Amino acid sequence: MSLGIDLGTSELKAILLDESGAVLTHAGVRLNISRPQAGWSEQNPDDWWQACLAALHQLRQQQPDAYARVRCIGLSGQMHGAVLLDQSDQVLRPAILWDDSRAMAQAQLLGHEHPEFADVTGSLPMAGLTAPKLLWLREHEPQVFSQISCVLSPKDYLRLRLTGERISDVSDAAGTLWLDVRKRDWFEPMLQATGLELTQMPRLVEGSASSANLSASAASLLALQQPVPVAGGGGDNPVSAVGIGAIDTGQAFVTLGTSAAIVAITDRVAGNPASAVHSFCHALPQRWYTMGAMLAGASCLRWVTQLLGQVNEQTLLQLVEERLPLTQSAPVATPLFLPYLAGERTPHNDPLLRGGFMNLAHDTTPAMLGYAVLEGVGFGLLDAMHAVQSAGAVVGQCSLVGGGARSNYWAQLLSNILDREICTLSGSELSACIGAAKLGFLAYGRGRDLPGQGMPVKERFVPAAAQQEMLQARYQKFRGLFAAAQALHN
């Protein structure tokens, strides 16, 4: 058995995977986010560890025999977070997360002073990435900054608790802005630009390599037999790609969770920093991926559901489907929605950008608002797809993963908007866990064919030709609203 652990933002999930790639059981523990100031987003790393212990306890209770056969562990996690450790591996302050926007000025400064670095690091400096956060800490919390012995990504803190070792993998490290994505090694000039040294970085491994073995104390605590290698693992998007079998050039997928992204696999670095397109290392050697990222995805649906006083997202989706079936064109009066509730990354790189409805009227209904939100997120993904294609990456048929994939209506609408066949997959909500467990097997020397193993297709959605003209017209209007939205904070 391989144990796959995925540290998300809102939940830690864990699974037991056998050598055929079958999930025997899974468990999840919810996590809370602290927002002490506007634009801040933090979590206590010890909460992650406690959630990990609780999830593994659930697995052990559900499948004691299978749990006893765990021989390897793989890790996946939210990217771009900053966990700060002192010399004794004690956490110095709450971790600053990926959706924290406090370091906007520092990101702009890095971009202004070192524009040539973007080609090396695979991305423009952005407030959400790790490096600007450390520059912010140096300016605003110098006492904390002076005590930093090591900076870890979130899932690598779990590795520290499991193995006692400070280690990261190249896919997660790529999201820090401190990595030379071609050489797959730390980029010292960017470290120096943020006041750090190479000695404050963890050792790097590939995602499929064994990073370290489970420590004796952790093995005892978790009731696992040694030795248990812990794979390098990776960031949530690349590990999800391994989970669904997206490991070869030309494969692409859309993630529709709290945030959203369109990801295309490449065999080389293919970025377009000017359009806020990332080119990062994949969780497997000699592979990369090009990504267009949105800061708000299915969270927009959650927001409008609460705003409208609907029971839950499913209730609102049913209402939209009944009143605005996709076989008809949306009424002319249907509002347009800008999905920038948390700012935007690709292609605008503007964390201060905010969302909005346009074209509201007395006869605007909750169903219309719900539709506008689904469509607006789709238009945001179309913006991201165009940016990804501008980097030279190929986007053909796309798998759809994440919580938003549960809605067939939304999947069909995305197919219509992106003009691509969209496939939903059985079990894709566990894709990051499954990818992590697959990497665990590789680190153990088994399961060489597992990464390319896809997931069963649940449904296929083909673009509806009759909708293209109407959606193109609405998309052009959507694009035309951007300047007005940006002007509100200039």
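## A first look inside the model

The largest cavity here has a volume of about 70 Å³. Please keep in mind that this is a predicted model.

**The cavity**

- The structure holds 1 cavity of 30 Å³ or more.
- Its lining is made up of 13 residues, and those nearest the centre are Val151, Leu152, Ser153, Thr176 and Trp186.
- Sorted by class, the lining has 7 nonpolar, 5 polar and 1 charged residues.

- Helix 14 spans residues 366–390 and helix 17 spans residues 468–480; their axes lie 11 Å apart and they pack at an angle of about 80°.
- Angles of 65 to 115 degrees count as roughly perpendicular, so that is how helix 14 and helix 17 are described relative to each other.
- From helix 14, the contact is made by Tyr371, Glu375, Gly376, Phe379, Gly380, Leu382, Asp383 and His386.
- Helix 17 contributes Met470, Leu471, Arg474, Tyr475, Phe478 and Arg479 to this contact.
- By class, the contact between helix 14 and helix 17 has 7 nonpolar, 3 polar and 4 charged residues.

- You will find His282 in the loop between strand 18 (278–281) and strand 19 (288–294).
- His282 counts as buried because its relative accessibility is 1%, and buried means under 20%.
- Leaving aside residues up to four places away in sequence, His282 touches Val170, Ser171, Arg184, Pro238, Ala241, Val242, Ala246, Ile247, Ile265, Arg287, Trp288 and Tyr289.

Terms used. Residues are numbered from 1 along each chain as its sequence is written. This is a predicted model: local features need pLDDT of at least 70, side-chain atom pairs count only at pLDDT 80 or more; totals for chains, interfaces and linings use all residues. Side-chain values use heavy atoms; hydrogens and water are left out. On a 1 Å grid over the protein atoms alone, a cavity is a set of points where a 1.4 Å probe fits but cannot get out, and a pocket is an open set with protein on both sides within 12 Å along at least five of seven lines; lining residues have an atom within 4 Å of a point. Grid points are joined across faces, edges and corners, and a volume is the space filled by probe spheres set on the points. Ala, Val, Leu, Ile, Met, Phe, Trp, Tyr, Cys and Pro count as nonpolar, Asp, Glu, Lys and Arg as charged, and the others, Gly among them, as polar. Axes are lines fitted to C-alpha atoms, for helices over the stretch in contact, and angles run from 0 to 180 degrees between N-to-C directions. Helices (H or I, at least four residues) and strands (E, at least two) are DSSP runs, numbered from the N terminus. Angles under 35 degrees count as roughly parallel, over 145 as roughly antiparallel, 65 to 115 as roughly perpendicular and the rest as oblique. Contact means heavy atoms within 4.5 Å. Buried means under 20% relative accessible area, exposed over 50%, partly exposed in between (1.4 Å probe, protein chains only).
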